[in-house]
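Hi there,

Here is the structure I promised to pass on.

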Amino acid sequence: MSLLRSITAATLAKDIRLEWRSRDAINSMLFFSLLVVVIFSFAFDPNAEESREIAGGLIWVAFLFAAVVALNQTWARELRNQVLDAYRVSPAPATALFVAKALGNFLLVSLLEALMAPLFMIFYNLRPLGPAWQLIPVAILGTWALVVNGTFFAAMSLRTRSREIMLPLLLFPISIPAIQSMVEATRVVLSGDGSARFWIVLLLTYDVVFTTACLALFETILQAE
Amino acid sequence: MTDSASIISLSNLIKQFGRFAALRGVTAEFAAGKFHVILGDNGAGKTTLLRALAGLAQPTRGTISILGKEPHDACRQLGYMAHPSLLYDEMSGMENLRYFARLYEISGDARCEQVIRSVRLDPGLARPVGQYSQGMRQRMSLARAILHDPEILLLDEPFSNVDVHSAQEIVGLLKEMRDAGKTIFVVTHQASLLQGVADEFIWMQAGQIVDRTADFHAGFSTVGKQ
């Protein structure tokens, strides 16, 4: 267990260092989601009540598209100079690599959400009428749902010819239950239309199921030729 | 050729990529502590053989035994250097080795500094690997491969795009390692660099080993006659 933790920490630290130096993912994600906020605000001119109804969908679709940018970068880095082979020939467990990559993506997407959420609130004049604290578990569980599957499917599409197209094709359909939960939970909290508890439990269940499946299958994906 | 002290044993090794067979029933044993050079034309199966030994290419059929184990179970005894550097261009040599050392549970900087010095590079060099010359990159790649002090070294084209001086330096390093008891496999098109250093030249053609000789010129003429 300590080996797993140590290699996960080393891989995560290495990925953060590489991202800090190149800023490949974070710059593209920020620019992309900023564009979405601005374009949507021009395209729609909702009043306060309409905003509460549609904002959940707009926010999470923007974050989902932006997350795909980061997810595509995750493994691209390992393909340059075939560095992934150096990991594959080592005794390091595949699980450590997967957890580190998923955590790295989680941190990146969370940072993006922390920066962009206030902008959404301002542009759409949003003020939650329900229990605002429920947005925290929704954001954490929803983000994890996106990145855990995204990291897995990005690894799966690694050796395909058009992997940047392949990732959304694999990720979006399987993320539908999570996206629906995130959108509905956000709508419920913003409009004060009951509690988001059901959607949070659904997200938690989704996360447990898919994290377990991804962890169990990742070694096969990593060693595939 | 068989040897009582064989360290690697291949039995009817076949590797197919779709309908193309890169390895076609390779059966061989390789002695410990020797310097083996694998030669052959492009597409002969040299790199595939090396990747299969490293555990990176699963055989379609046949078996590989390294020190009596499957390749992945013997990974601590294997050092693999590929044609690409297997290094992160954005990090310095020392940062790269620090990371790879963690994968082999090697703690502290002492071993990383030692191997960087052993390939005649400076561990204090802060430049990212992406800004290294090709010769420096190849030597740093070799440092990564020997970081965990493996018994067997698998090196794919270690002299490609390297100037003569750097190539001779790498040959010198490999000779020192062989003299220290390591078993070395080198895939190369520049066999002339290894004459007088290598113990055995292995000739491959169309996915098979067609000759094994101690003398580079003898093997070359044998294959040439076919």
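The buried residues of helix 4 of chain B are M136(B), R137(B), Q138(B), R139(B), M140(B), S141(B), L142(B), A143(B), R144(B) and A145(B); buried means that 20 or more other C-beta atoms, placed from the backbone, lie within 10 Å of a residue's own. That makes 10 of the 13 residues of this helix, so it is largely enclosed by the rest of the structure. Their cover includes helix 4 (83-88) of chain A, along with strand 5, helix 2 and helix 5 (164-179) of chain B, among others. Helices (H or I, at least four residues) and strands (E, at least two) are DSSP runs, numbered from the N terminus.

Before you read on, please note that this is a predicted model, where local features need pLDDT of at least 70, side-chain atom pairs count only at pLDDT 80 or more, and totals for chains, interfaces and linings use all residues. Residues are numbered from 1 along each chain as its sequence is written, while chains are lettered from A and ligands numbered from 1 in the order in which they are written.

Now for the two chains together: 25 residues of chain B are in contact with 22 residues of chain A, contact being C-beta atoms, placed from the backbone, within 7 Å. Helix 2 of chain B gives the largest share of chain B's side, four residues.

Chain B also has an open sheet of three strands, in the order 2-1-4, with antiparallel pairing (strands pair if DSSP finds at least two bridges between them). Strand 1 (residues 6-17) and strand 2 of chain B pair over nine bridges.

Enjoy exploring!

Conventions. A residue is buried if 20 or more other C-beta atoms lie within 10 Å of its own, exposed if 12 or fewer, and partly exposed in between; C-beta atoms are placed from the backbone.
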